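User: Please take a close look at the salt bridges of this model, and then at the loop residues that deserve attention alongside them. Where do the partners lie, and are they buried or exposed?

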Amino acid sequence: MQKKIFREYSLLQIILGGVIATGFVFALYQYFYNRSLWLDEASLAQNIIDRSFLHLLKPLKHNQIAPIGFLMVEKFFTVLFGNNELALRLFPLLGFCASIPLFFIMSSTLTRSNTLALLCTGGFAVTYRLIYYASEVKQYSTDVLITILLIAITVSPRKRDMKYLVYCTAIGSIAIWFSNVAVIIAFVCGFYLLIVEVYRHRKFQFLIPPLVWALSFGVYYVKHIYHHPTTEYMQRYWGEHFLPLNPFSEDFYLFLYRAIPKLYHFLLGFGNYYWVAVLISIVGLLYALRQKRYVLLYFCCTPIFINLILSGLRLYPFSERLILYLTPFFVLLYSAGIYALFRIIQRKIPALPDVLVAVPVIVMLIAVASKLPLEQQEIKKTIAYIDQRIKPGEKIYVYNMAQRALPFYQTIGFTQLKEDQIIKGTRQRDQIHNYDQELLSLSGNVWMLFSHVYTLRPGYTEEDYMMSVLLSNGGRIIEKLEVQGSSCYYIDTGKPFAN
């Protein structure tokens, strides 16, 4: 009997190990697929390649914000490997790859079960959003890494010597300079050390890490956050992602209700079936309570509550990509729920093989595989299409929101399009008819380039409006290319070319 159980567990470990390895492969495939940079990525990338290390310490252009440490590493990789997308995406990729083994270490400590930890890690490694952000020129993937790293070192059972205190203090202090959310996790970890180690066990040396972390954040706040010129813009931009503070208002509860799809539909990629994952996670919560895994519950729940409080104070939005760092906690709860439900079923059906507990993780793997490669705004394809076909003297009208990505690809030499060929479209938004004058001033044969197009109403975009203006005033589409998130048209305006 013991031999049989051992074999079943070994097969389970092999399967979950294969899932984890596949997660690495998916991330590498996505990285080398080298999708186009979308608007925000291109805006940050342009700052990185245009500026020196020293100038990256100053506020960035295009309303971009990123941790100083992240910017320094990004700049270092471009110096080392050149100004290209793969160099810019290397740090996020390394962040994802490093987070997988760290997540296993953290989850095995929190759950006290290597089998459950392996199940959690399998789900983590093939989570759709984590694989996507592993190749995005943004700090969100490294946010996840730093979240896991801080918790892993905080709950580490090796907390008896001075070496641990030095490592713990140094890692937390440095992490604050590499991640905008590190201060949230540092607060959670620091409070844990104060209660468990200082208050309960009277180990006063554990006052050192949280005090030094607080000092590090204080310096970072004064140098790079206090009176930042983009603060007011960011508060307007993320306005709908701040929790209304009045608990007696309907908006308060609507915000919390709408937060659930953000967490499960966006983060875990469950689509319209996110409610199933919610129910399973509730089972995971109950399982943790029954097993008295109070530390697990503390680290899974506290960061979420703190983020909601900060959003209520308009200090940090509760919005999809900004809360990617919460993904490990929901993977933990969801996996714990799967594990608990399987054990309940197995008590009723003892012959049920243990390997079946891996089925939900395998389903996640298949779902991600079916979506690869992951694309956002494939403007490289439309730029290349124009590059190959544009004739001497012809102009390109560039939609206003495509004017972030195109300069990046000009800078790195991907396209030979010159500034004198480009007509830069204005941004109108609330005055849509103001586009008419600049569109009707176009003459001859013109290329139109669109990306990151604004939606005026469901099913109708600014691109639709602008093309209708041209076509209803004598214009004719000669050829076009539509790809994910970008499109281009070769238009005969019906008017003779005018210099």
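Analyst: Arginine 89 is buried, and glutamate 41 is buried as well. Here buried means under 20% relative accessible area, exposed means over 50%, and partly exposed covers the range in between, with a 1.4 Å probe and protein chains only as cover. The model is a predicted one, in which local features need pLDDT of at least 70 and side-chain atom pairs count only at pLDDT 80 or more, while totals for chains, interfaces and linings use all residues. Residues are numbered from 1 along each chain as its sequence is written, and side-chain values use heavy atoms, with hydrogens and water left out.

These two residues form a salt bridge, and the closest N and O atoms of arginine 89 and glutamate 41 are 3.4 Å apart. The term requires a side-chain nitrogen of Lys or Arg within 4 Å of a carboxyl oxygen of Asp or Glu. Because arginine 89 belongs to helix α4 and glutamate 41 to helix α2, the pair ties together parts that are 48 residues apart in sequence. Helices are DSSP runs (H or I, at least four residues), as are strands (E, at least two), and they are numbered from the N terminus.

The partners come from distant parts of the chain, 101 residues apart, and each lies in a loop: arginine 35 between α1 (2-33) and α2 (39-50), glutamate 136 between α6 (128-133) and α7 (140-154). Arginine 35 has a relative accessible area of 1% and therefore counts as buried. Glutamate 136 is also at 1% relative accessibility, so this residue is buried.

One of the others joins glutamate 375 to lysine 381, where the closest N and O atoms are 2.9 Å apart. Glutamate 375 is partly exposed because its relative accessibility is 25%. Lysine 381, with a relative accessible area of 35%, is likewise partly exposed. Turning to backbone geometry, the peptide bond from leucine 372 to proline 373 is cis, with omega near -5 degrees. Proline 373 is placed in the loop between α16 and α17 (379-389).

Arginine 112, in the loop between α4 (85-111) and α5, has phi near 60 degrees, a positive value in a residue other than glycine. Its relative accessible area is 57%, so arginine 112 is exposed. Arginine 202 also has a positive phi, near 60 degrees, without being glycine, and this residue sits in the loop between α9 and α10. Since its relative accessibility is 53%, arginine 202 counts as exposed.

Phenylalanine 204 is found in the loop between α9 and α10 (208-224). With 47% relative accessibility, phenylalanine 204 is partly exposed. A further arginine, arginine 343, belongs to helix α15 (residues 327-348). Its relative accessible area of 16% explains why arginine 343 counts as buried.
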